[in-house]
Amino acid sequence: MDDFAHARRRWKLYSALAELADSIAVVSLAAFVKRAWHILNPGRRLVWNWHHTVACDHLEAITRKQIRKVIFNMPPGNMKTTIKNCWIVWEMLQFPEYRYISVSYSDELSKKSALDRRRILGSEWYRGMRRHAERIFGVPYWNLSSEAVHEVATTRGGWILAT
């Protein structure tokens, strides 16, 4: 085989692995956060630790209605907001009709959170994730109907309000 054939074969393998990783990210919040990291922090390396997995596991338990409340006590800079923002948009893959109010202690953090969520929701990668959710969960494909500064709405009746 020539170099072009090897490159094409590698490309097909990478594409298949990316599809598999995206399918896993639809059902695993930790995998979703890891896949979304490059959208929120381009060029920065993700350093994953056990407390990130614990936070994702607890938020997944809320999604599965196994627990109702959780409080995260972690120092600043430990991805609390990033994981929370990813959880909201990850949960919308399964439940685009859900409505969220995302509260932050400052208007600046609220705007940053809204921008981060909008960046994920508007990405080409996330549009592909919605197709995986449609295939895996049977959730009808949906689009964003509103993209105001502090509010994002879906065509399925869901929304996220940041304050």
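Here are a few friendly notes on the predicted model above.

1. Ground rules. In this predicted model, local features need pLDDT of at least 70 and side-chain atom pairs count only at pLDDT 80 or more, while totals for chains, interfaces and linings use all residues. Numbering starts from 1 along each chain as its sequence is written, and side-chain values use heavy atoms, with hydrogens and water left out.

2. Overall fold. The chain has 6 helices and 4 strands, taken as DSSP runs (helices H or I, at least four residues; strands E, at least two) numbered from the N terminus. From that end, the order is α-α-α-α-β-α-α-β-β-β. The radius of gyration, 17 Å, is close to the 15 Å of the globule rule for 163 residues, so the chain is as compact as a globular protein of that length; the radius is taken over C-alpha atoms, and the rule is 2.2 Å times the number of residues to the power 0.38.

3. Packing. Of the 163 residues, 42% are buried, which is to say under 20% relative accessible area (1.4 Å probe, protein chains only). Contacts (heavy atoms within 4.5 Å) between residues at least 6 apart in sequence join residues at least 24 apart in 65% of cases.

4. A residue to look at: Trp-90. This residue lies in helix α4 (residues 80-94) and, at 3% relative accessibility, counts as buried. Beyond its neighbours within four places in sequence, Trp-90 contacts several residues, including Val-27, Phe-32, Glu-60 and Thr-63. Its C-alpha atom is separated by 9.6 Å from that of Arg-130, 40 residues apart along the chain.

Key. Buried < 20%, exposed > 50% of the residue type's maximum accessible area, 1.4 Å probe, protein only.
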